[in-house]
Structure formats: C-alpha cells, structure tokens
Amino acid sequence: MKQLVRHLLKAWHARQAANTLRDLESRLRTPATRLAIPFIFRGAGFFKSIKPMQSQAEFGELYARITAMQPRRIIEIGTCHGGTLYLWCQAAHPKATIISLDLPAGEFGGGYPACRADFYRSFAALGQSLHLIRADSHSPDTVRQITPLLGDGKADFLFIDGDHTYEGVKRDFELYSPLVAKGGWIALHDILPRANEPRIEVWRFWQELKQQRPIAYEWADATPDGRAIGIGVVQVED
Ligand SMILES: C[S@@+](CC[C@H](N)C(=O)[O-])C[C@H]1O[C@@H](n2cnc3c(N)ncnc32)[C@H](O)[C@@H]1O
C-alpha cells in the first residue's frame with residue numbers, strides 16, 4: 001500500500017513538474033528569456049529543482065553564443081539536475097540530436113534518479129532527438145554507445161561538466177573531442193581554481209589546453225553574483 005502511494009505521488013509530482021515547465025515556457029517564449037526558466041523552476045518531491053550548477057551570469061554568456069550557433073548535434077557530459085540540458089534543448093536547432101551522459105551517483109553532483117528521465121525527455125522540442133545515457137563517460141564502451149547516435153555527422157558542441165578531477169576532465173576531453181566536427185566548440189566548466197574544493201582541478205587542464213588549442217571564448221572573471229566558476233571554450237581547428 002505504502003509503495004502504491006509513493007508511486008502515485010511520484011507520478012503526480014512528475015505531471016505537476018511538466019505542467020509547471022510548460023506554463024513557464026508559455027510566458028517566456030524567446031531563447032533569451034528562457035535562460036531564466038531552470039533557475040526559477042520549482043517542483044516537488046523528486047522533481048523539486050532543475051537548477052543548473054552554474055553562475056547564471058557566466059552561463060548566460062555561453063548560452064547566448066550557443067543559441068546563435070543553433071547546433072545540430074550536442075554532447076553533454078554531466079546531466080545531474082538537468083538544468084544545462086534544458087538550456088541546450090532551447091539553444092539547439094529544432095531538429096537537433098542532443099546526447100547527455102551521467103553516471104548514476106557520480107561524483108561532483110550525484111547524477112539523477114531514473115524516475116526523472118521522462119521529465120528530461122520532455123525538454124526536447126518535437127523535432128529534436130534527446131538521448132539520455134546513464135553510464136561512465138570514461139569507459140570506451142560509452143563512447144562506442146554514443147557514436148552511432150550522432151548519425152552521419154559529428155557534434156557541433158561538446159560540454160564537459162562531469163568528473164572535475166584533472167585526470168577525469170582530461171580523459172573526457174581525450175575520449176570525446178574526436179567526436180566534435182572541425183570548427184565545433186568544446187566547453188569546460190569550472191576552469192577557475194577553488195580554494196575550498198581542491199579536488200576540482202579543471203583549471204590545471206584548462207591551463208594546458210589553452211596553450212595547445214585556439215580559444216573560442218573564456219570567462220574567468222569575478223561574477224556580479226560573487227560566484228566565479230569559469231567557463232573555457234576551445235574550437236576544433238579546421
Ligand atoms: C556538476 S554536475 C553537472 C551539472 C549540470 N551540467 C548542470 O549544471 O546542470 C556533474 C555530474 O557529472 C556526473 N559525473 C561524474 N563523473 C562522471 C563520469 N565518470 N561519467 C559520467 N558522469 C559523471 C555526476 O554524476 C554529476 O551529476
């Protein structure tokens with residue numbers, strides 16, 4: 001009986017979350033105004049939040065650029081609460097393929113419970129294909145699993161926001177950058193050192209990478225909201 005009540009409550013929260021999202025979308029119609037949606041969305045139970053683990057100011061700059069690019073193929077490493085995934089769906093081409101990877105109970109965020117998957121799928125527009133892969137991004141099997149999902153092309157945009165250790169981010173870059181097309185963008189989140197979180201060492205990898213690849217864009221300044229995290233983007237050379 002308890003299980004049934006829990007199940008019904010979960011289904012009700014899921015429906016409520018989808019309705020809340022559609023309601024926000026009906027009021028905020030342009031990609032620029034939709035930046036706010038995952039930051040203001042409030043649900044209940046397993047669907048409480050889709051808040052990006054991002055500074056809105058920093059992320060907003062990248063989001064505006066990706067919206068202008070309208071990528072046809074996006075790969076994201078680090079789905080978590082679905083906040084950045086929601087915005088990639090808004091920024092992408094109406095017929096885009098969007099692939100988002102996360103390791104259940106992975107470090108630096110904890111992944112997401114399986115019951116949120118249908119809600120995440122509702123982020124995609126009718127013509128878009130959204131693939132949620134719950135696996136270790138560091139495994140060559142995962143790369144083999146996602147490669148055919150790209151069809152006959154490569155990704156225009158790769159967002160790396162999974163394992164934030166030096167070895168972890170480096171491995172993600174090495175495994176997934178070959179899947180990005182010439183001229184495409186590869187973004188790393190958390191490129192600034194954080195004194196209170198020494199395990200986050202994306203900054204070390206970023207310092208190396210920016211010597212080797214052309215920088216498309218770098219945000220590494222203090223933010224108005226006081227949360228400087230940093231986003232760095234390199235471009236795959238033609
Ligand atoms: C910082 S969160 C992602 C936040 C999300 N991009 C946002 O801002 O809305 C990092 C996520 O990466 C996932 N992760 C950590 N290591 C991973 C790995 N080896 N493979 C796949 N996902 C991983 C964690 O489970 C976590 O959910």
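In the predicted model, the buried residues of helix α4 pack against α5, β4 (155-160), β5 (180-189), β6 (215-219) and β7 (231-235). These buried positions are E58, F59, L62, Y63 and I66. Viewed down the axis of α4, they fall within an arc of 125 degrees and therefore line one face of the helix. Such an arrangement can be read against helical geometry: an α-helix has 3.6 residues a turn, so residues three or four places apart point the same way. Helix α4 itself comprises 14 residues, 56-69. The distance from the first C-alpha of α4 to the last is 19 Å, close to the 20 Å expected at 1.5 Å a residue. The residue that follows α4, Q70, has a positive phi, near 45 degrees.

The shell around the ligand contains 24 residues, of which G78, C80, G106, G109 and S137 come nearest. Two elements, α5 (83-91) and β2 (97-102), each give two or more residues to this shell. By class, the shell is made up of 12 polar, seven nonpolar and five charged residues.

A14 is located in helix α1, which spans residues 2-27. A14 counts as buried because 20 C-beta neighbours lie inside 10 Å. When residues up to four places away in sequence are not counted, A14 touches F47, D118 and F119. Between A14 and G106 the separation is 92 residues in sequence and 23 Å in space, C-alpha to C-alpha.

Terms used. Residues are numbered from 1 along each chain as its sequence is written. This is a predicted model: local features need pLDDT of at least 70, side-chain atom pairs count only at pLDDT 80 or more; totals for chains, interfaces and linings use all residues. Helices (H or I, at least four residues) and strands (E, at least two) are DSSP runs, numbered from the N terminus. A residue is buried if 20 or more other C-beta atoms lie within 10 Å of its own, exposed if 12 or fewer, and partly exposed in between; C-beta atoms are placed from the backbone. Two residues are in contact if their C-beta atoms, placed from the backbone, lie within 7 Å. A residue is near a molecule or strand if its C-beta atom, placed from the backbone, lies within 6 Å of it. Ala, Val, Leu, Ile, Met, Phe, Trp, Tyr, Cys and Pro count as nonpolar, Asp, Glu, Lys and Arg as charged, and the others, Gly among them, as polar. The expected span of a helix is 1.5 Å times one less than its number of residues. The arc is that of the directions from the helix axis to the C-beta atoms.
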